[in-house]
Amino acid sequence: MIDIFVKLLKREIKLSIVNISIIISYSSFFLMSLLIFTFGIGPDIGKLNELYSPIIWLIMLFSIILISENFLMHDYRDGSLRELQYLGYSEELIIFSKTVVMFLILIIPHFFLIPVCSIFLNLNSIELVSLSINVILGSPSLILISIISNLLTIQVRQSKVLQFVIIMPFYIPLIIFTTASNPNDSSEFIDLNKFLILIGFFLIILPIALFSGKMILKEVNK
Amino acid sequence: MIFKLANPNRFIRFSDRISPYLSYLFILLILYGLFLCFFKSPPDYLQGETVRIMYIHVPCAWFSLMFYSSIAICSFFSLIFKHTLADIISRALAPLGASLTLATLITGSIWGKPTWGTWWVWDARLTSELVLLFLYIGIIILSNSFENKTKGDKYAAILSLVGIVNLPIIKWSVDWWNTLHQPASISKFSSPSIDPSMLTPLIVMTFALLFFSLQVTLIRIKSEILQRKIDIIRSTELS
């Protein structure tokens, strides 16, 4: 089981490394969106600092939905998704390996993007660390949901808009908890509860996503 | 009984038989309910006449949740037992559920203006009801996005099953969070905190809406079954 998973993981990593443009387009989209938010809200650094969490999370949400297509659509179009199933790889493993690789590939640009954002949004070191941990813990859930939305719309032609419509409601609880600020919270302490909630969310979403993903993959290849 | 009705032809015969009775019951109950709402039910000591919106708002809200649960149950039957009629029922219920959710939001908004002083607040109950509307819209769009209806139904079934996590949030949001929306006045586990003079019209209106919804659902199911039959005939003629 683990051998098969490692094999799948290696395959996905190799494919993703070849498509280095994914990381570049993800980073560019992230920075461009930040720029647009700044223009929309205004250059007041205090206001931007107050709103940094929702800004970053909304940008992440949209960029993950948009980029997730690259991890699944190509495999579906060239038939390798179907081939993997015929070769006996379980659907859960296929989805899980894609999630892990997507997480690894998308987390790399964050080591550069989040410090840049912290300069633009005037974050202190505690806020920077807190945001980084938040991103690391919250993005797997975002990725899992986006993969499910992608699978649901993989056979639809105008899939992008539909993907946003059907999946947005599932992002709402996650966005509420990732962007919520505790009234007793200060920028001098890291909010541990938030991290625990994000881990909890991931543990809830993971089995639901794997189970529904398995059903969708079976339906896709019928 | 349920498995007997799972046959589409038998279901059409059954629906033809009960449809007139549902219509009669609906007309009787809605007339009686409206009479009670406008002439027998007293105005609220605090909210005045605006409380009468409750007789539309509350049944719509109950059925918006009930229809989603029904869709989820049908989706379960569709995915596990692969039954076409379950898909057809889900397809028939989704627009009705979406309309009732929209009606809940609109009537709630109209009720909210004089009582809370605002059309909308980002309160847990209101927001979760809005999320429910988006879920309904997602299911409707997804099921209609495929040329092959069966495929669309299956995807919509998966989506509706995943979306069921929203139902407990809507139901208990008023208990879990401090919301502007009041907690439930009618509960299974305790006696209702609403006066009988208001409870009676509310129950009558709820049954009126139930019979109306059943009637509309039966019509939609019947037309969907007939549409599928036409599609099959057309496709066999073409091939």
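**Figure 1. Contacts of N134(A).** N134(A) touches W57(A), S139(A), T178(A), K194(A), F195(A) and L198(A), leaving out residues up to four places away in sequence. Contact here means heavy atoms within 4.5 Å. The model is predicted: local features need pLDDT of at least 70, side-chain atom pairs count only at pLDDT 80 or more, and totals for chains, interfaces and linings use all residues. Residues are numbered from 1 along each chain as its sequence is written, chains are lettered from A and ligands numbered from 1 in the order in which they are written, and side-chain values use heavy atoms, with hydrogens and water left out. N134(A) lies in helix α7 of chain A. Helices (H or I, at least four residues) and strands (E, at least two) are DSSP runs, numbered from the N terminus. N134(A) is buried, with a relative accessible area of 2%. Buried means under 20% relative accessible area, exposed means over 50%, and partly exposed lies in between (1.4 Å probe, protein chains only).

**Figure 2. The salt bridge of D75(A) and K98(A).** The side chains of these two residues, D75(A) and K98(A), meet in a salt bridge at 2.5 Å, N to O. D75(A) sits in helix α4 (residues 52-77) of chain A and K98(A) in helix α6 (residues 91-120) of chain A, so the pair ties together parts 23 residues apart in sequence. A salt bridge is a side-chain nitrogen of Lys or Arg within 4 Å of a carboxyl oxygen of Asp or Glu. D75(A) is buried at 6% relative accessibility. K98(A) is buried too, with a relative accessible area of 1%. Leaving aside neighbours within four places in sequence, D75(A) is in contact with R11(A), E12(A), L15(A), S80(A), L81(A) and K98(A).

**Figure 3. The backbone at N122(A).** N122(A) is not a glycine, yet it has a positive phi of about 60°. N122(A) is found in the loop between α6 and α7 (125-152) of chain A. With a relative accessible area of 43%, N122(A) is partly exposed.

Figure 4. E224(B) forms a salt bridge with K149(B), and the closest N and O atoms are 3.1 Å apart. E224(B) lies in helix α8 (residues 196-238) of chain B and K149(B) in helix α6 (residues 149-162) of chain B, so the pair ties together parts that are 75 residues apart in sequence. E224(B) counts as buried at 12% relative accessibility. K149(B) is partly exposed, with a relative accessible area of 25%. Salt bridges that share partners join R91(B), K149(B), D153(B), E224(B) and R228(B) into one network.

**Figure 5. The pair R52(B) and E49(B).** A salt bridge joins R52(B) and E49(B), with 2.7 Å between the closest N and O atoms. R52(B) is buried, with a relative accessible area of 15%. E49(B) counts as partly exposed, at 48% relative accessibility. Over all chains, the structure holds twelve salt bridges.

**Figure 6. A nonpolar surface patch on chain B.** Y32(B), L34(B), F35(B), F38(B) and F39(B) form this patch, with about 550 Å² of accessible area together. Patches are made of residues with over 30% relative accessible area and no salt bridge: like charges are joined within 9 Å, nonpolar side chains (Val, Leu, Ile, Met, Phe, Trp, Tyr) within 5 Å. Accessible areas come from the Shrake-Rupley method with a 1.4 Å probe; for residues, only the protein chains shown count as cover. F35(B) is found in helix α2 (residues 8-40) of chain B. F35(B) is partly exposed, with a relative accessible area of 38%.

**Figure 7. An aromatic cluster in chain B.** Ring pairs link F76(B), F77(B) and F81(B) into a cluster. Rings of Phe, Tyr and Trp (its six-membered ring) pair if their centres lie within 6.5 Å; planes under 30 degrees apart count as stacked, over 60 as edge-to-face and the rest as tilted. A search of the whole structure finds eleven aromatic pairs over all chains.

**Figure 8. Chain B as a whole.** Chain B has eight helices and zero strands. Of its 239 residues, 46% count as buried. Chain B exposes about 12,900 Å², and carbon and sulfur atoms supply 70% of that area. The mean pLDDT of chain B is 84, and 88% of its residues reach 70 or more. pLDDT is the predictor's confidence in each residue, from 0 to 100. For the complex, the predictor gives an ipTM of 0.75 and a pTM of 0.82.
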